[in-house]
Amino acid sequence: MSKVEDFLTKEEEQEIVEAIRMAEKNTSGEIRVHIEKTTSKAHFDRALEVFHELRMDETRLQNGVLLYFAVDDKNFVICGDKGINDLVSADFWGCTKDVMTSHFKSGNFKQGIVDGILNAGEQLKKYFPSLADDSNELSNEISKG
C-alpha cells in the first residue's frame, strides 16, 4: 500500500462517516477515525497523541472515542477519554476490537471499521445516552496523518 488514501475508496470513507453519524444519534459520545501509514512510536502512545491533536479531550462529558489505524503496521487502537474510562470495565472495548479484527483478517477493512463504530456507539449509549441539548462537538470526517 503506497498511500493512506489507497486504504479506502471515497465511497467507503463516506460509509464510515455515515456510520459515525448513525452511531452518534443515540449517544452524546463523540467518535473519530484517524488513519495514517505508519508510526515510529508505540501505537497506543501515537493514538493518544492524535486524540489530543484532534481536540477529542475537550468534549463536555469527556466521552470521545478514537479509532486509530496505522495501515502499514497492520495495527489499530481504540482509546476513550477519561469520562468513559472512569465508568466502564477494563475490557469495555474488547468486543469492539474482536468484531473489527475478524473483518480485518478477511481483508474487509471498511466493514470492520463500520461495525466497530456502530458497536462503539451501542456501548457508549449505555453510559452516555443522547441528551436533549446534545450537539455534535467533533467532526465526523476521517482524519489522516
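Me: How do the axes of α1 and α5 cross, and within what distance do they come?
Reply: This is a predicted model, and in it the axes of helix α1 (residues 10-24) and α5 come within 8 Å and cross at roughly 10°. An angle under 35 degrees counts as roughly parallel, so α1 is roughly parallel to α5.

Me: Nice. Which residues make that contact?
Reply: From α1 there are Glu-12, Glu-15, Ile-16, Ala-19, Ile-20, Met-22 and Ala-23. On the α5 side they meet Lys-110, Ile-113, Val-114, Ile-117, Leu-118 and Gly-121.

Me: And what classes do the residues in the contact of α1 with α5 belong to?
Reply: Nine are nonpolar, one is polar and three are charged.

Me: OK, now α4 and α5. At what angle do they pack?
Reply: Helix α4 (residues 94-105) and helix α5 (residues 109-127) pack at about 170°, and their axes are 8 Å apart. Angles over 145 degrees count as roughly antiparallel, which means α4 and α5 are roughly antiparallel to each other.

Me: Is the crossing of α4 and α5 left-handed or right-handed?
Reply: The crossing of α4 and α5 is right-handed.

Me: Which residues meet there?
Reply: α4 brings Cys-95, Thr-96, Val-99, Met-100, His-103 and Phe-104. Among their partners in α5 are Phe-109, Ile-113, Asn-119 and Gln-123. By class, the contact of α4 with α5 has seven nonpolar, seven polar and one charged residue.

Me: Switching topic: what volume does the largest pocket have?
Reply: About 230 Å³. The largest pocket is lined by 11 residues, and those nearest its centre are Val-71, Lys-74, Asn-75, Phe-104 and Phe-109.

Me: Which elements give two or more residues to that lining?
Reply: Those are β2 (64-70), β3 (75-80) and α4. The lining of the largest pocket divides into eight nonpolar residues, two polar and one charged.

Me: Then what about Gln-62, what's its phi and where does it lie?
Reply: Gln-62 has a positive phi of about 50°, although it is not a glycine. Gln-62 lies in the loop between α2 and β2.

Key:
Residues numbered from 1 in each chain as written. Predicted model: local features only at pLDDT ≥ 70, side-chain atom pairs only at ≥ 80, totals over all residues. Heavy atoms only, no water. Axes fitted to C-alpha atoms, helices over the stretch in contact; angles between N-to-C directions. Helix = DSSP H or I, 4+ residues; strand = E, 2+ residues; numbered from the N terminus. Parallel < 35°, antiparallel > 145°, perpendicular 65-115°, else oblique. Left-handed = near helix turned anticlockwise from the far one by under 90°. Contact = heavy atoms within 4.5 Å. Nonpolar A, V, L, I, M, F, W, Y, C, P; charged D, E, K, R; others polar. 1 Å grid on protein atoms, 1.4 Å probe; cavity = no way out; pocket = protein on both sides within 12 Å on 5 of 7 lines; lining within 4 Å. Points joined across faces, edges and corners; volume = space filled by probe spheres on them.
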